[in-house]
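Have it open next to you as you read.

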Amino acid sequence: MVSPSSHLAILILLISVSLTASASLEENFVQCLSFYSDKAAPFYASIYTPNNASFTNILDSSAQNLRYLVPSAPKPEFIFTPLTDSHVQVAVICSKKLGIHLRVRSGGHDYEGLSYVSEIETPFIIIDLAKLRDINVDIEDNSAWIQAGATIGEVYYRIYEKSAVHGFAAGLCTSLGVGGHITGGAYGSMMRKYGLGADNVLDARIVDANGKILDRKTMGEDLFWAIRGGGGGSFGILLWWKIKLVPVPATVTVFTVTKSLEQDGTKILHRWQEVAPNIDENLFIRVIIQPATIGNKTERTITTSYNALFLGGADRLLQVMKESFPELGLTRKDCLETSWIKSVLYIAGYPNDTPPEVLLDGKSTFKNFFKAKSDFVREPIPETGLQGLWQRLLEEDSPLMIWNPYGGMMNNFSESDIPFPHRNGTLYKIQYLSLWQEGDKNASKHIDWIRKLYNYMTPYVSKFPREAYVNYRDLDLGMNKKNSTSYIQATAWGNMYFKDNFNRLVKIKTKVDPENVFRHEQSIPPLPVSTMKLKDKNCKSWE
């Protein structure tokens, strides 16, 4: 009589034989998914190959940076759109069994397209979480469980549906997928009051490198620490976040005041650097900087637009501004009192009459060919430095800079509370962008320009290391090489994104994903196991 274990061995042997080289990668993957799934599922309906009429639409659906959708960009063998958490589990198991490199996309906002393009390794597949977007808000508990494929705009709307005086402290761009967004930190217009999205996470569920679903308790505090700010695509596939809701007033106030160079723009911006990080923590004033034409002339100037949210009414805001930043000249006419959910739309750039339901579309209003970089500033840039900056901005066709103030609650976290290290002492963060429309044609011209601008800014920004924001991915800082990343090479960009937290991230990566299943051009590398000494077989702690 054949034992049950023998039956299992024969079954495993049969499936391994059936996954032959003669079958397509897609066929092998579907067979594997079916074998490891509890229930028979129509997996073919969730897989899109280049031969499928919907492939291009699915690939393009949430991709933000059009540079990575040009015909010459590497394309996946297929896109898998799981319908359940268990589908994600088996996808990880099968990609390992078949040796297929995978990329994971929740919202497609990765600035270097790392969630849907692999420049260093082919063939690859995309696991697209777009169909996993449930949001369960519990107002009594001041929390919500949110699925990784939901956008942050959908999360805001579902909170608003239940309460006008609750919110969540996360992104300004409403089409961000929450899976990747929060793994990098997730800053927004309430960060000076409540910190980052990642500072307000209570629990999570992820699929690890072995295809197991873990929550905070079963993953342990080390891994839970790593996924809240350590960047996406290194430690597992994020399925759910449990987030902490924060109180918001029934009435908030927003404004946008624009000053050109001819309106003392340089002096006002110089003053903003001293004021914005130290002003009332209920007030977030970012600055959007770009060239603009003067009247009907062809001559261009620089405009600085002060785009703000105040958690309170206009009268109190005007009092705060009069005391701390009278140079801007804010008036009652500039102020718009509104609800918190409407302020989300305002800051995201929607017209004032836009209904909140637009957030349920989950669609991006920003799709461009672009290159971006980031910096953190710890001392005000002198006016002479700003004037040199204006000269360089006027040389480029369509540049954009966004300066986001820090201070307030951000100063109350230590650099190691989560992997995101840019805390006390940071005045503001700079985002640099160059945008263009002609595809590959003149890309090198624009990329060269932004690199030169970045070099120009070196004396004025953070040093040792020169810090960068992981959610503004920048492959100029360094790249992994396929599956043989060296720790030394990775420190080049790892220290810029994470400062001293990088070493702890590497140790956690080595513990939870020693085979480097989850990898991309700037994923956290594991150390060779021979260089680490385990205290026990379960990898609970390191010597």
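1. A disulfide here means a pair of cysteine sulfur atoms within 2.5 Å. By that rule, a search of the whole structure turns up one disulfide. Before going further, some housekeeping: this is a predicted model, where local features need pLDDT of at least 70 and side-chain atom pairs count only at pLDDT 80 or more, while totals for chains, interfaces and linings use all residues. Residues are numbered from 1 along each chain as its sequence is written, and side-chain values use heavy atoms, with hydrogens and water left out.

2. Which cysteines form the disulfide? They are Cys 32 and Cys 94, with sulfur atoms 2.2 Å apart. The torsion about their S-S bond is about -90°, so the disulfide is left-handed. Cys 32 sits in helix α2 and Cys 94 in helix α4 (residues 85-98), so the bond ties together parts 62 residues apart in sequence. Helices and strands are DSSP runs numbered from the N terminus (helices: H or I, at least four residues; strands: E, at least two).

3. Are Cys 32 and Cys 94 buried or exposed? Both are buried, taking buried as under 20% relative accessible area, exposed as over 50% and partly exposed as in between (1.4 Å probe, protein chains only). Two other cysteines are worth a look: Cys 173 counts as partly exposed at 31% relative accessibility, whereas Cys 335 is buried at 9%.

4. On to the aromatics. Rings of Phe, Tyr and Trp (its six-membered ring) pair if their centres lie within 6.5 Å; planes under 30 degrees apart are stacked, over 60 edge-to-face, and the rest tilted. The whole structure has 23 aromatic pairs. In one of them, Phe 29 and Phe 78 have ring centres 5.0 Å apart and planes at 50°, so the pair is tilted. This pair links distant parts of the chain, 49 residues apart: Phe 29 is in helix α2 (residues 25-36) and Phe 78 in the loop between α3 (55-61) and β2 (79-80). Both Phe 29 and Phe 78 are buried.

5. Trp 493 and Tyr 497 make a tilted pair too, because their planes are at 55°, with centres 6.2 Å apart. These two are four residues apart in helix α14 (residues 487-498), which means about one helical turn separates them. Trp 493 is buried at 0% relative accessibility, and Tyr 497 is buried at 1%. Elsewhere, ring pairs join Tyr 111, Tyr 187, Phe 370, Phe 420, Tyr 469 and Tyr 472 into a cluster.

6. A charge sits over a ring if NZ of Lys or CZ of Arg is within 6 Å of the ring centre and within 35 degrees of the ring normal. The charged end of Arg 205 is over Trp 145, 4.3 Å from the ring centre. Likewise, Arg 504 lies over the face of Trp 225, at 4.0 Å from the centre.

7. Finally, His 446. This residue lies in helix α13 (residues 443-456) and is buried, at 0% relative accessibility. Which residue is 75 positions from His 446 along the chain, with a C-alpha separation of 7.8 Å? That is Lys 371.
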